[in-house]
Amino acid sequence: MEIFCLDTVDSTNTWVAQNEKELPSPALVRGIAQNKGRGQRGNSWEAEPGKNFTGSVLFHPLNFPASSQFLLSEAIALAIIRTLSSHGIEAKIKWPNDIYVGDSKICGILTEHVVTGRNITRTISGIGLNVNQEKFLSDAPNPTSMKIITGADYNLDEISVQIADNIEKNLSEIWRPEELHDKFMTTLWRNDGEFHPFFDKIKNEHINARIQSVASDGLLTIITDKGEKRDFAFKEIEFIL
């Protein structure tokens with residue numbers, strides 16, 4: 001996968017979308033300083049310039065059904081898990097696509113698709129991985145970084161190459177959906193069969209529940225401690241720390 005590096009960019013997802021025709025596929029575009037990094041549903045992403053990995057992957061899947069779109073998110077998230085594991089950091093995927101170490105967030109992912117007919121024709125996944133940053137100024141409740149966890153300094157060029165290589169490997173696995181999804185489920189944060197606290201935003205209710213499954217479109221199914229099954233799309237349920 002070819003890697004492109006920009007000194008300053010507002011949002012790598014936006015830049016890639018605007019310059020798609022000039023880029024190969026797949027490609028990774030990294031911004032050394034990202035001024036307006038975006039998270040899920042319009043949230044911002046804090047990243048100290050030159051200290052973290054902020055970048056976006058462009059991918060044009062061939063004849064890939066839109067109904068299986070979440071597999072692409074799984075592939076990207078598992079690539080970050082593999083990258084962190086190579087540095088001795090055990091991480092989990094917090095549904096739908098945050099990366100956690102323990103109860104602290106180390107990475108956020110924003111995946112955006114273009115759908116033509118029944119198929120996805122373009123995917124852009126923005127990745128914000130906290131690498132060497134040690135102090136966080138925003139009101140995010142639980143950030144961490146690779147350096148905070150290990151005490152080591154990391155070469156961002158090397159991290160970028162590792163991320164690109166791991167994403168390329170995982171994208172080749174989207175045609176083996178059951179195998180890829182099994183890896184996702186075994187790496188899913190709080191998917192341990194235990195009951196955990198959640199906030200059901202639909203019913204405005206605090207509940208205790210365990211994760212039952214995640215569907216190919218990303219729908220999360222949980223079972224409450226009263227035996228009730230509930231399904232949630234993105235942003236309809238909150239994990240309580």
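The model is predicted, so local features require a pLDDT of at least 70 and side-chain atom pairs a pLDDT of 80 or more, while totals for chains, interfaces and linings use all residues. Residues are numbered from 1 along each chain as its sequence is written, and side-chain values use heavy atoms, with hydrogens and water left out. Helices (H or I, at least four residues) and strands (E, at least two) are DSSP runs numbered from the N terminus. Two strands are said to pair if DSSP finds at least two bridges between them.

The sheet may be considered first. Five strands form an open sheet in the order E12-E11-E10-E9-E13, with antiparallel pairing. Strand E12 (229-232) and strand E13 (237-239) stand at its edges; each has a single partner strand, so one side of each is left without a neighbour in the sheet. Neighbouring strands are turned by 45° against each other on average, direction ignored. For such angles, axes are lines fitted to C-alpha atoms, for helices over the stretch in contact, and the values run from 0 to 180 degrees between N-to-C directions.

Within this sheet, strand E9 (residues 196-200) and strand E10 (residues 205-214) run antiparallel and are joined by 5 bridges. Histidine 196 has alanine 209 of E10 opposite to it. The two strands E9 and E10 form a hairpin with 4 residues between them. Alanine 209 has threonine 224 in E11 as its bridge partner. E10 and E11 likewise form a hairpin, here with 5 residues between them, and glycine 218 in the turn has a positive phi of about 95°. E9 also pairs with E13, antiparallel and over 3 bridges, and phenylalanine 199 stands opposite glutamate 238 in E13.

The next element is helix H4 (residues 156-171). Its 16 residues reach 22 Å from the first C-alpha to the last, close to the expected 22 Å; the expected span is 1.5 Å times one less than the number of residues. Asparagine 155 caps the N-terminal end of H4, with a side-chain oxygen 2.9 Å from the backbone nitrogen of aspartate 157. This is a polar contact, that is, a pair of N or O atoms within 3.5 Å; within protein, one must be able to donate a hydrogen and the other to accept it, and residues adjacent in sequence count only if both atoms are side-chain atoms.

Which residues of H4 are buried? They are Leu156, Ile159, Ser160, Ile163, Ala164, Asn166, Ile167, Asn170 and Leu171. Buried means under 20% relative accessible area, exposed over 50%, and partly exposed in between (1.4 Å probe, protein chains only). An α-helix has 3.6 residues a turn, so residues three or four places apart point the same way. The buried residues of H4 pack against several elements, including strand E1 (2-9), strand E2 (27-34), helix H2 (70-85) and strand E8 (119-129). Serine 160 is found in this helix and counts as buried at 2% relative accessibility. Leaving aside residues up to four places away in sequence, serine 160 touches Ile3, Leu28, Arg30 and Phe53, where contact means heavy atoms within 4.5 Å.

Attention now turns to the nonpolar cores. A nonpolar core is a set of buried Ala, Val, Leu, Ile, Met, Phe, Trp, Tyr and Cys residues joined through side-chain atoms within 4.5 Å. Of the 55 residues in the largest core, Ile80, Leu84, Ile99, Ile127, Leu129 and Met146 touch the most other members. The largest share of this core, 11 residues, comes from H2. Another core, of 7 residues, lies apart from it and includes Val9, Val16, Val29 and Leu58.

A cis peptide bond joins serine 25 and proline 26, with omega about 0°; proline 26 lies in the loop between helix H1 (12-18) and E2. A cis peptide bond also joins tryptophan 95 and proline 96, with omega about 5°, and proline 96 is in the loop between strand E5 (92-94) and strand E6 (98-101). Asparagine 204, in the loop between E9 and E10, has a positive phi of about 55° although it is not a glycine. Is asparagine 204 buried or exposed? Asparagine 204 is exposed, with a relative accessible area of 60%.
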